[in-house]
Amino acid sequence: MKRILLFSLVLVFILPFSFGQTRQLGVPYFRNYTASDYDANNRNSDIVADNEGRVFIANFEGLLYYDQATWRMLHLRSLTRPTSLYLDSKNTLWVGGYNYFGHVVVADNGTIGLKDSENMSSLKGEVLKIWEEDGHIVFLANNDRVYRVNDNHLSLLRRHTSNNEDSVDLNDTQTITIDNGLKAVAKTGSGLFFYTDSGELLCNITEKNGLCSNNINRMVYNGKGLLWGVTDNGVFSMSMPTAYTYFSHNEGVQGEVYSMHIYNGLTYVGTTNGLYRQNGMSFEHIEGINHLCWALTEKDGILLVASEGGLYSVDKNEHIRQINEYDTKSILVNDDVFITGEGKGVFLNKLSGERYKISPQKNVTQILKDGHDCMWLKTIYGEIWYRTKNQSLFSKYTKNINKDGSNSLMQATLVKIGNDVVVVDAIDTEPFLYPQFSYTDFSGNTWLTDKENNNLYVWKNGQRQESFDAFLYPLRDVVIRTMFIYKSQIWLGGESGVTVIDRSVKDPAINNVPKVRICSVIANGDSVVWGGFGECPKKLPTLESNQRNIYFTFAIDNPTMLGRAQYKYRMDDHEWSAATDQHFALFNDQRPGEHVFQVKAVDAMGREIDAVSIKFEILAPFYIKWYMNVLYLIVIAFFIYLLVRYRISHLEREKLRLESVVNERTAEIVKQRDEIVKQKDEIEEKSRSLESALDELGQAQNELIRQEKMAMVGKLTQGLIDRILNPLNYINNFAKLSIGLVKDVKTNIEDEKEHMSEDNYEDTVDVLGMLSSNLEKVGEHGQNTTRTLKAMEEMLKDRSGGIVPMNLAIVLRQNEEMFSNYYAKEIAAEGIKVTFNYPSVELPINGNAEMLSKCFMSMLANSVYAILKKSQREKYKPEITFSVTDDNINLIVTLRDNGIGIEETILNKVFDPFFTTKPTGEASGVGLYLSREIIQNHQGDISVKSVKNEYTEFTIVLPKNK
């Protein structure tokens with residue numbers, strides 16, 4: 001209830017409502033229901049909606065109805081297909097079909113059925129239209145006759161004439177009026193049109209926008225913001241009128257949106273595929289700008305486009321000029337110049353083309369200027385630089401200096417609040433958590449997301465503006481990379497295109513608070529206890545003792561297409577279930593006695609809907625009734641009597657048995673003497689077995705000695721590596737110096753050329769060339785040898801220590817940020833789709849965070865290498881997927897890329913030390929070997945699958961910490 005009151009405050013104080021409809025900005029949210037959704041024929045001819053949120057559809061197979069939870073079907077007599085529906089003033093649904101007419105009746109248990117009209121033999125043909133006339137139900141058949149229903153009895157009323165109400169509109173257009181005078185018009189073959197009461201076209205929705213069909217047979221409006229329509233290719237439901245619309249790839253927005261700007265009265269959108277301009281309800285690509293557009297801004301009436309392919313200008317006649325060819329990630333207009341953050345530094349520019357570098361910081365993604373004339377820069381690596389008004393050079397921003405002299409500022413971002421710029425660290429909690437995106441509007445509101453670009457909210461005057469939360473709640477899962485506010489419109493751009501919120505639209509989904517409704521109660525999978533129609537009882541009929549498996553369905557009566565409601569339910573005041581968008585709950589093996597089922601919801605607008613409840617009772621089975629308890633006592637007493645009689649008889653038999661045993665024992669003593677001799681032989685055999693065990697123990701001791709010797713060899717090898725590296729460094733250094741000396745000698749010989757014979761000169765030059773080549777080979781092989789020794793030294797390190805209880809999710813988040821920053825250039829250049837998918841909950845293991853991070857980053861580097869190698873040979877869509885799943889025993893880490901892959905013949909060698917598929921000068925061949933050693937030290941396992949030129953997939957299994 002608090003959230004509903006808060007939402008109302010938004011409507012009153014923030015959102016300027018218009019009681020007339022403004023021009024639709026985009027496509028309203030809608031959903032198609034296909035034949036596979038409702039499990040019936042895809043052809044539909046008519047539709048009506050009742051005041052409980054249910055819709056009834058004349059389907060080719062029968063009467064189809066949907067209660068927002070479940071689709072169900074009622075078949076007509078002799079499988080006749082329905083053709084026309086009508087909901088009269090008494091809320092009775094009448095159904096007409098081919099040679100059929102009847103109405104829906106509700107049983108005591110809330111189920112519905114069809115009751116046929118009497119004297120249907122007089123009806124020949126198909127029912128075209130049903131209406132009310134003089135208090136009676138009247139319908140027109142295609143035999144040009146009008147029939148009347150009186151006490152469910154059909155009688156011929158008159159012949160059809162075109163002047164009466166029974167005339168049927170046979171044209172291809174249907175028009176209905178919805179809220180605020182808005183009109184919905186369905187034109188055969190042209191889709192759906194929306195007009196204002198003044199006749200202005202708002203929008204046209206067609207198959208191009210994703211509508212199931214352009215041929216709409218019938219529409220109905222439920223009066224609460226939901227328009228339904230039926231076609232020969234399914235059913236659609238659309239939120240209209242609505243404050244929330246969108247532009248997706250169907251409307252021409254190709255790729256992820258990174259920048260937007262209003263220029264020359266039109267909306268321009270920059271995506272990963274280039275620059276686009278709005279043209280009505282669609283966007284058109286601007287030819288000539290095909291690269292990722294990082295930022296859009298305007299200077300002196302010129303649109304500036306910062307893109308991967310360089311900096312462009314677009315004038316009002318849409319003439320495009322390329323100002324430079326450098327990757328430009330950010331731009332700031334400052335007086336008569338503009339400042340750009342490029343791959344090679346920060347530059348001050350003029351429209352004439354003059355430019356000079358003002359800072360060497362590369363890949364600056366954010367440039368801001370505060371109210372004190374101080375300029376701030378943020379790089380792609382999360383570094384922050386600033387320059388005050390009196391400084392000529394930029395200084396690196398530091399948070400705190402640690403004892404070792406390092407800066408404690410990790411990855412950070414810049415947020416402009418009013419005239420101030422705030423630096424927010426990735427680990428800060430004040431003044432707010434790290435936002436991946438921020439935007440400051442003309443009213444001084446700062447719009448922020450979380451670190452995943454989701455959950456947009458507003459900050460002002462040092463605190464969160466909660467009054468905006470309810471309005472933004474439906475878009476909490478939308479990824480937002482850019483936004484701007486234009487008049488009453490909020491434009492948001494991200495992964496799924498452009499979303500527009502028009503605050504001037506009076507949205508029924510906002511004004512109408514829905515209710516939760518229990519749609520059905522079913523026992524044991526097939527027995528309908530409550531069918532959902534009529535007034536829901538407070539208590540259900542008593543259930544039999546064997547009806548212990550209870551299935552509930554539920555829904556809100558007025559949903560919106562913008563998002564799905566979330567439900568929580570419980571039985572008998574137990575804990576509420578987790579929130580779910582499913583419309584059912586199953587309770588098995590319920591105990592006999594009285595029960596109460598409750599369900600509540602949070603709708604798509606974030607409003608909490610009051611819970612509804614229903615009581616029911618399950619009878620106790622006959623075998624626990626009182627008279628059965630008396631019978632049980634009598635049976636137990638009888639069995640005790642039999643047991644006593646049996647015990648007395650058993651004691652008498654035992655006496656006789658003991659006398660027999662005494663005689664048998666005497667004979668056994670004689671046999672024991674012979675057995676003693678046999679036991680002696682067994683003892684001697686065990687002695688020999690003990691001697692064998694002692695021999696095996698000696699062998700184990702020898703094995704331990706051998707392992708100690710191997711450890712000593714490892715230490716000796718470590719010492720040899722140290723002894724070899726020092727002279728090898730001298731060899732490498734002297735090789736470089738000697739190459740320089742050879743060059744000096746060649747220079748001296750050139751100076752003395754005229755004093756030497758031609759043969760002597762050429763021989764000397766050839767010798768010096770060979771000497772220089774040999775020295776280069778010495779240096780190259782020396783470097784390779786050094787790399788190999790370093791790899792051996794790395795292999796000898798002990799990685800078994802430092803294992804403590806830890807949360808693997810923290811390491812995964814750090815690796816995700818490190819990878820995105822370190823390889824940002826490669827990801828952007830090659831269009832690599834990188835997906836990190838792991839649970840947001842704690843992932844407990846016993847491990848060494850540093851070793852695991854090193855292992856994951858090494859394997860991710862291999863994936864980038866494989867993709868870059870493949871990209872050099874062919875064009876394709878590179879992908880890297882890093883996912884983690886939990887099977888309650890182990891954490892399963894999967895790393896997959898679609899790079900060059902690994903040949904099957906060498907797949908079993910990739911974990912061998914010093915084996916590599918890379919050139920000798922690029923790798924030493926110990927990365928995967930060390931990765932396997934780290935995983936095995938964590939009691940885990942690692943495996944690989946690959947297909948050459950298709951993919952490579954590594955699977956790591958780590959045991960969870962119980």
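Student: Which residues form the positive surface patch?
Tutor: Lys344, Lys357, Lys362 and Lys825 form that patch. Keep in mind that this is a predicted model.

Student: Where is Lys344 placed?
Tutor: Lys344 is in the loop between β32 and β33. Strand β32 covers 337-342, and β33 covers 345-349.

Student: Is Lys344 buried or exposed?
Tutor: Exposed, because its relative accessible area is 55% and the cut-off for exposed is over 50%.

Student: Take Asp759. Which helix is it in?
Tutor: Asp759 belongs to helix α6, residues 758-795. Asp759 counts as exposed, with 56% relative accessibility.

Student: Switching to salt bridges. How many does a search of the whole structure find?
Tutor: The search finds 25 salt bridges.

Student: Give me one. What does Asp67 meet in a salt bridge?
Tutor: Asp67 meets Arg72, side chain to side chain, at 3.0 Å from N to O.

Student: And is Asp67 buried or exposed?
Tutor: Buried. Its relative accessible area is 2%, and buried means under 20%.

Student: What about Glu594? Which side chain does it meet in a salt bridge?
Tutor: Lys539, with an N to O distance of 3.7 Å. That pair links distant parts of the chain, 55 residues apart. Glu594 is in strand β53, residues 593-602. Lys539 is in the loop between β49 (527-530) and β50 (550-556).

Student: How accessible are Glu594 and Lys539?
Tutor: Glu594 counts as exposed at 53% relative accessibility. Lys539 is partly exposed at 41%.

Student: Which salt bridge joins Lys539 and Glu617, and at what distance?
Tutor: Their side chains meet at 3.9 Å, N to O. Glu617 is partly exposed, at 24% relative accessible area.

Student: Which residues are linked in a network of salt bridges?
Tutor: Glu256, Arg481 and Glu495 are linked in one.

Student: Let's do loops. Where is Thr242 found?
Tutor: Thr242 is in the loop between β21 (234-239) and β22 (244-247).

Student: Why does Thr242 count as buried?
Tutor: Because its relative accessibility is 5%, and the limit for buried is under 20%.

Student: What does the side chain of Thr242 make a polar contact with?
Tutor: The side chain of Asp507, at 3.4 Å.

Student: Now Asn222. Which loop is it in?
Tutor: The loop between β19 (216-221) and β20 (226-231).

Student: Why is Asn222 buried?
Tutor: Its relative accessible area is 18%. Buried means under 20%, so Asn222 falls in that class.

Student: Which backbone nitrogens does the Asn222 side chain reach?
Tutor: Among them is that of Lys224, at 2.9 Å. The Asn222 side chain also reaches the backbone nitrogen of Leu226, at 3.0 Å.

Student: Back to lysines. Where does Lys746 lie?
Tutor: Lys746 lies in helix α5, residues 626-751. Lys746 counts as partly exposed at 36% relative accessibility.

Student: How far apart are Lys746 and Thr764 in space?
Tutor: They are 8.7 Å apart, C-alpha to C-alpha. In sequence they are 18 residues apart.

Student: Last one, Lys909. Where is it found?
Tutor: Lys909 is in the loop between β59 (890-897) and α10 (927-937). Lys909 is partly exposed, with a relative accessible area of 36%.

Student: What separates the C-alpha atoms of Lys909 and Tyr929?
Tutor: A distance of 9.8 Å. The two residues are 20 residues apart along the chain.

Conventions
Residues numbered from 1 in each chain as written. Predicted model: local features only at pLDDT ≥ 70, side-chain atom pairs only at ≥ 80, totals over all residues. Heavy atoms only, no water. Helix = DSSP H or I, 4+ residues; strand = E, 2+ residues; numbered from the N terminus. Buried < 20%, exposed > 50% of the residue type's maximum accessible area, 1.4 Å probe, protein only. Polar contact = N/O pair within 3.5 Å; in protein donor to acceptor, adjacent residues only side chain to side chain. Salt bridge = Lys/Arg side-chain N within 4 Å of Asp/Glu carboxyl O. Patch = residues over 30% accessible without salt bridge, like charges linked within 9 Å, V, L, I, M, F, W, Y side chains within 5 Å. Areas by Shrake-Rupley, 256 points an atom, 1.4 Å probe, with all protein chains shown as cover. Lys, Arg positive; Asp, Glu negative; His and termini not counted. Charge placed at Lys NZ, Arg CZ, Asp CG, Glu CD.
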